[in-house]
Amino acid sequence: MNNTTGAGAAPCYILAVETSCDDTSAAVIQDGRTILSNVVSSQIETHQQFGGVVPEVASRKHVESVTLMMEEAVRRSGLELGELSAIAVTQGPGLVGSLLVGLVAGKALAYTLERPLIAVHHIAGHIYANALVHELEYPAMALVVSGGHTELVLVEAPGRFRIIGRTRDDAVGEAYDKVARALGMPYPGGPHVDRMAHEAEAALPLPRAWLEPDSYDFSFSGLKSAVMAALNQAKMKGQTLDPAQVARGFQESVSEVLTEKALRAVRAYGAKQLLLAGGVAANRGLRESLAPRCEAEGIPLLAPPIALCTDNAAMIGAAAYLKWQRGEYAPLALKAEPLLSLESWSV
Ligand code: KG4
Ligand code: ZN
């Protein structure tokens, strides 16, 4: 079997598969950091008509495209199937039916090729998307902001995670999608709210949820309710609020709280870098709020390019390499875990 320890070791080629939500993706990653291929089949158009992801429909769409994506990823990598070192799959968290499709496809190929199977935590993937473009230094603090998660994660050492703060209600991406819907924008609404916020000349004043002074936790449901209340009150008075001003008010509230808490966490834990991770890491407002603050405080701010912020298999291949280096492989009896814990997945 290939091994990467020691000088002159053979390269490690991991074929990774990601199907935890509504994107079917496959990628081939060399040594945890070089992307040889990364293909994504998005189901957005299918789910748009329902205003959100319909789990049963997502599973069926994954079934239709997963093997095509895997074949395409291998073809674009320029490798032969036999050259692959391992197969990585997202084990969780996510929609169980969606996870199962990638898991079964990955297992089948691992079994056929007689290669190890590596189980990956989806959020570890989002965090390690940064390793595809930057050199990571430890301890690092990761601000994970996606459709399902909002967490501050201390990355103590490669692949060792400690969650120091999390949302007590909605994930930030979820709040973005709900506000976008109320403003008449299609799913997924985050990018639309981001764009509209930049078109506004003023911001609707909205509250900030700081919680207890020493807490690294977040809460977004009160802010979301405040947006809904403002829209309803205006409607009852026969007025209309400028949607761009609502978007900007919402985005400023979210960005300010995320920025302050992330910077306090970096200082408190002596983190050498702040890593942005997850779909909402693509948000321009958040990047614009964090960048000058990090610069002023001398904190390196790392973020993946936009295409690696949202769900993709390249990030799964990057995180899988942590397990590959330790020979931590998964059995073929591996089960999908919709609520898989990040800390327990740590290497
Ligand atoms: O990480 P991701 O692709 O999927 C999950 O694991 O959840 O994140 C998807 C989320 C959606 O809620 C989407 O609206 C949000 O990321 N998103 C954004 C932006 N781009 C994607 N939210 C705010 N601003 C953006 N530019
Ligand atoms: Zn994700």
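1. The lining consists of Pro207, Arg208, Ala209, Ser219, Phe220, Leu223, Ser253, Val254 and Val257, which divide into 6 nonpolar, 2 polar and 1 charged. In this classification Ala, Val, Leu, Ile, Met, Phe, Trp, Tyr, Cys and Pro are nonpolar, Asp, Glu, Lys and Arg are charged, and the others, Gly among them, are polar. The volume of this cavity is about 40 Å³, and the count comes to 1 cavity of 30 Å³ or more.

2. The model is a predicted one, in which local features need pLDDT of at least 70 and side-chain atom pairs count only at pLDDT 80 or more, while totals for chains, interfaces and linings use all residues. Residues are numbered from 1 along each chain as its sequence is written, chains are lettered from A and ligands numbered from 1 in the order in which they are written, and side-chain values use heavy atoms, with hydrogens and water left out.

3. Grid points are joined across faces, edges and corners, and a volume is the space filled by probe spheres set on the points.

4. The largest pocket holds about 1200 Å³ of space and is lined by 42 residues, with Ser146, Gly147, Asp177, Tyr187 and Pro188 lying nearest its centre. Two or more lining residues come from each of β3 (34-42), α4, α5 (172-182), α6 (190-199) and α10 (306-309), and α5 supplies the largest share, 6 residues. By class, this lining has 16 nonpolar, 17 polar and 9 charged residues. Because domain 1 (13-128 + 309-345) and domain 2 (136-303) both give residues to the lining, the largest pocket lies between them; the domain bounds come from an automatic or database domain assignment.

5. The second largest pocket, with a volume of about 260 Å³, has 15 lining residues, of which Arg33, Tyr128, Ala131, Tyr138 and Tyr321 are the closest to its centre. Helix α11 (residues 314-326) gives the largest share of this lining, 5 residues, and by class the lining divides into 8 nonpolar, 3 polar and 4 charged. The second largest pocket also draws lining residues from both domain 1 and domain 2, and therefore lies between them.

6. The structure holds 6 aromatic pairs, a pair being two rings of Phe, Tyr or Trp (its six-membered ring) whose centres lie within 6.5 Å, counted as stacked with planes under 30 degrees apart, as edge-to-face over 60 and as tilted for the rest. The rings of Tyr128 and Phe161 have planes at 85° and centres 6.2 Å apart, so this pair is edge-to-face; Tyr128 in helix α4 (residues 122-128) and Phe161 in strand β8 (residues 160-166) are 33 residues apart, and the pair thus links distant parts of the chain. The rings of Phe161 and Trp345 also have centres 6.2 Å apart, but with planes at 35° the pair is tilted. This second pair ties together parts that are 184 residues apart in sequence, because Phe161 lies in strand β8 and Trp345 in helix α12 (residues 342-345).

7. Ring pairs therefore link Tyr128, Phe161 and Trp345 into a cluster. Tyr128 and Phe161 are both buried, where buried means under 20% relative accessible area, exposed over 50% and partly exposed in between (1.4 Å probe, protein chains only). Phe161 has a relative accessible area of 4%, and Trp345 counts as buried at 5%.

8. Trp345 also has the charged end of Lys323 over its ring, 4.5 Å from the ring centre; a charge sits over a ring if NZ of Lys or CZ of Arg is within 6 Å of the ring centre and within 35 degrees of the ring normal. The charged end of Lys261 sits over the ring of Phe218, 5.9 Å from its centre.

Technical notes: Helix = DSSP H or I, 4+ residues; strand = E, 2+ residues; numbered from the N terminus. 1 Å grid on protein atoms, 1.4 Å probe; cavity = no way out; pocket = protein on both sides within 12 Å on 5 of 7 lines; lining within 4 Å.
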